[in-house]
Amino acid sequence: MSTNKNMAYEFNFDGLVGPTHNYAGLSLGNVASTSNANSIAKPKEAAKQGLQKMKALHDLGLKQGVIAPMERPDVATLRRLGFTGSDAQVIIKAAKQAPKVLAACSSASSMWTANACTMAPSSDTADEKVHFTPANLANKFHRSIEHNTTGRILQAMFKDENHFAHHPALPMGDHFGDEGAANHTRFVDVNSDKGYGKKGLHFFVYGKYAFDDSKPAPHKFPARQTYEASQAVARLHMLDSDNVVFAQQNPHVIDKGVFHNDVISVGNGNVLFAHQKAFLNQMQVYTDLERAFDGEEFHVVEVGNNDVSVEDAVKSYLFNSQLVTLPDGKMAIIAPGECESVPAVKEYLDWLVDQDTPITEVKIFDVKQSMQNGGGPACLRQRIVLNETEVSAMNQNVIMNDDLFATLNAWVEKHYRDTLTEDDLADPSLLNESRLALDELTHILNLGSVYPFQMV
Ligand SMILES: NCCC[C@H](NC(=O)CCC(=O)O)C(=O)O
């Protein structure tokens, strides 16, 4: 490693798929989630697909980490909802009286760590600390119960108060609905001697205004992120207003199943890869970004609606690809397998890599278990930019390497079920299996006690 303390790297921290991965149709507005409701899930396969992607990115020479899943079923939340008795009784009663509530309290949805939080690197914040705000995920009940544990896990990963600042999630309720980094991208000129550590441009995308009904908004499906929430996160992270651009998502595409911005655009370095219909006032958004970007060139790679329709973008998750800068400086798209089975998208990607844009490679990954719940490669990762000092100060056990990959695969093999249906959630032994697995995991990742069952 170089000795330049200002040199910073982008890590991808992927969510480890939890032992209760299942398809419960919980996310209205997320087409894959509602259309795969009640399908048979394969938790072991899901976790292994995720680990394969992490290992492959590590092998490409990228920095990769892992974020632990939640304790599920969430007995503590079920108790708050009035279910009593032993933990097993709580589950049996919930299964009988409110199976949908039990399913919501059992979701492995924390695997999509793009929604875990929004972060800001120390190069961009007024106090020169790395800032984290867990997303309140207020729009979906099953996700709104993630942020407390997410916050504890992030603190166990980034403990040193000299370097890391942790905020609580924004106030609950629709007005400050916050979905984290799924609606946030940071652009930066990576060709400096600081790499990702030059001051960057924060791009916040929201679905609606919470305090102004006169503004455009979707009609059919919810806008999960509000303008006011995005503004609050920018304030909390003490960003310089010259380095922030806010943009509204096109409400029509939200109504077509684009529930997060990362289903219709993705950015990295000095490149925005976006569908032609991604934003309201699209040209103005490009102008704002070009103006605010501090670097030689800002590239917009726009995909025309005639080349790839919004429907095909949603089906293939083309824009939920990860856009990464490889160690040789080239940019690659890390795309889900579904991009190969939607003809217009495959044709577009084959064409794109031969054009004169910074994107020169496409790498395909099978994350189908996650995709069937509406989560592609980009949903599965949280990008965290850290300089060399901060890397040394963080928890080293969450950084992916060959040993951790082998250990986590063995851990999954030992603890996970091959299949899981909604009916299986009624089985109290699933809770015990899950807790046993997570207790072991906190030792592997050196997290200490982060789960409710470890804190009683
Ligand atoms: N960034 C991708 C998030 C996908 C996630 N899906 C879900 O929660 C589906 C769960 C289910 O239906 O079982 C969501 O919609 O927030």
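Okay, quick one before we start: when I say polar contact today, I mean a pair of N or O atoms within 3.5 Å. And keep in mind that this is a predicted model.

S33 does it with its side chain, where a polar atom lies 2.8 Å from an oxygen of the ligand. Then there's N373, which brings a backbone N or O atom to 3.1 Å from a ligand nitrogen. How much of the ligand's accessible area does the protein cover? Well, 100% of the 430 Å² that the ligand has on its own.

Around it we've got 19 residues, and S33 is among the closest, along with L26, S27, H142 and C379.

Now, aromatics. Searching the whole structure turns up 20 aromatic pairs. One of them is F273 with F319, a tilted pair, 5.0 Å between centres and 40° between planes. F273 sits in strand β10, while F319 is in the loop between α11 and β12, so this pair ties together parts that are 46 residues apart in sequence. Both of these phenylalanines, F273 and F319, are buried. Compare Y451 and F453: that pair is stacked, at 5.9 Å and 10°. Y451 is buried as well, with a relative accessible area of 0%.

There's also a cluster, with ring pairs linking F11, F13, F132, F158 and F164.

K63 has its charged end over the ring of Y9, 4.4 Å from the centre, and K215 has its own over Y209, at 4.4 Å.

Terms used
Residues numbered from 1 in each chain as written. Predicted model: local features only at pLDDT ≥ 70, side-chain atom pairs only at ≥ 80, totals over all residues. Heavy atoms only, no water. Phe/Tyr/Trp six-rings, centres within 6.5 Å; stacked < 30°, edge-to-face > 60°. Helix = DSSP H or I, 4+ residues; strand = E, 2+ residues; numbered from the N terminus. Buried < 20%, exposed > 50% of the residue type's maximum accessible area, 1.4 Å probe, protein only. Lys NZ or Arg CZ within 6 Å of the ring centre and 35° of its normal. Near = heavy atom within 4 Å. Polar contact = N/O pair within 3.5 Å; in protein donor to acceptor, adjacent residues only side chain to side chain. Areas by Shrake-Rupley, 256 points an atom, 1.4 Å probe, with all protein chains shown as cover.
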